[in-house]
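User: Please pick one part of this model and give me a close, connected account of it. Go on to a second part for contrast once that is done.

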Amino acid sequence: MFRGSITALVTPFDGARVDEKSFQSFCDWQIKSGTKALVPVGTTGESPTLSHPEHDRVVELCVEVAKGRVPVMAGAGSNNTLEAIRLTKHAKKAGADAVLIAMPYYNKPTQEGMYAHYKAINDAVDIPIYIYNIPGRSVVDMTPETMGRLAQLTNIVGVKDATGDVSRAALQRIHCGEDFIQLCGDDPIALGYNAQGGRGCISVTSNVAPALVSELQEASLAGENEKAIALQDRLIRLHKALFIEASPAPTKYALSLLGKCKPDVRLPIIPVFKEESKREIEAAMRDAGVLN
């Protein structure tokens with residue numbers, strides 16, 4: 001169900017409020033541009049600064065506009081296991097096809113603690129669960145061995161791997177099996193990850209260049225390596241520029257240039273304000289051909 005280009009959606013704001021109209025219009029544009037699945041309220045969607053009612057509403061809005069055209073993987077992570085279970089239960093009730101559970105941040109659980117966290121969610125809600133392993137933000141890193149144990153549970157079906165290590169795909173396949181769905185979480189290395197057995201990318205860049213990222217992923221998964229490399233060369237500067245300041249501020253600035261949403265973000269993230277950052281984002285968009 002989840003393969004190819006999957007967008008880690010931004011959450012548009014209008015000042016202090018969630019801009020529901022812009023969000024649904026943005027989701028529709030993503031689908032029409034070739035995006036194969038949508039991920040609302042992940043960390044790119046600024047989930048840590050959304051209230052629970054806002055979080056729930058964004059999931060509902062995404063499912064509503066997707067209308068079954070593409071699957072929805074709702075963000076439902078928390079460093080509070082009971083809260084993650086509540087978010088997961090709501091995602092299922094709202095009609096999401098799966099959930100993405102980020103590694104518990106700040107708490108620094110042991111491997112046994114990580115296993116217990118995901119098992120508790122697995123046991124509480126009958127919905128496909130994707131582990132989001134991102135040690136750069138959560139501090140802790142789930143080992144392939146722990147992931148292999150979790151892969152034996154009924155609802156743990158895949159991973160968004162943001163370790164930055166392309167070899168993880170091979171190691172995790174050994175421990176988790178070939179049916180375990182491995183998705184890259186880092187746009188710059190997505191091609192290499194696919195070559196090691198990945199099935200796609202949960203992408204930030206596809207917010208800004210959905211058609212190109214989708215084309216790149218389809219070429220990569222079809223073994224059209226020269227085409228995929230040419231597209232990656234076209235996009236690599238944009239991959240980097242969207243993290244030139246704290247994410248998702250650069251992505252929202254880029255989308256504001258495309259008229260898709262305002263550049264508004266929530267504290268402690270601030271809008272892109274350095275002129276050199278703005279110039280680099282604009283130049284990267286022109287290199288990719290998404291801005292005139």
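Analyst: Helices (H or I, at least four residues) and strands (E, at least two) are taken here as DSSP runs, numbered from the N terminus. The model is predicted, so local features need pLDDT of at least 70 and side-chain atom pairs count only at pLDDT 80 or more, while totals for chains, interfaces and linings use all residues. Residues are numbered from 1 along each chain as its sequence is written, and side-chain values use heavy atoms, with hydrogens and water left out.

The peptide bond joining S247 to P248 is cis, with omega about 10 degrees. The loop between α11 and α12 (275-288) holds P268, and here a cis peptide bond links L267 and P268, with omega about 15 degrees.

Helix α12 comes next. Its 14 residues should span 20 Å at 1.5 Å a residue, and its end C-alpha atoms are 20 Å apart, which agrees; the expected span is 1.5 Å times one less than the number of residues. The buried residues of α12 are S277, I281, E282, A283, A284, M285 and A288, where buried means under 20% relative accessible area, exposed over 50% and partly exposed in between (1.4 Å probe, protein chains only). These buried residues pack against α9 (210-221), α10 and α11, contact being heavy atoms within 4.5 Å. An α-helix has 3.6 residues a turn, so residues three or four places apart point the same way. Just after α12, G289 has a positive phi of about 85 degrees.

For contrast, consider a strand. β9 pairs in the parallel sense with β8 (residues 156-161) over four bridges, a pair requiring at least two DSSP bridges between the strands. Within this pairing, L183 of β9 is the bridge partner of K160. From β8 the chain passes through helix α7 (residues 168-176) to β9, a right-handed β-α-β crossover; right-handed means that, with the strands pointing away from the viewer, the path from the first strand over the helix to the second runs clockwise.
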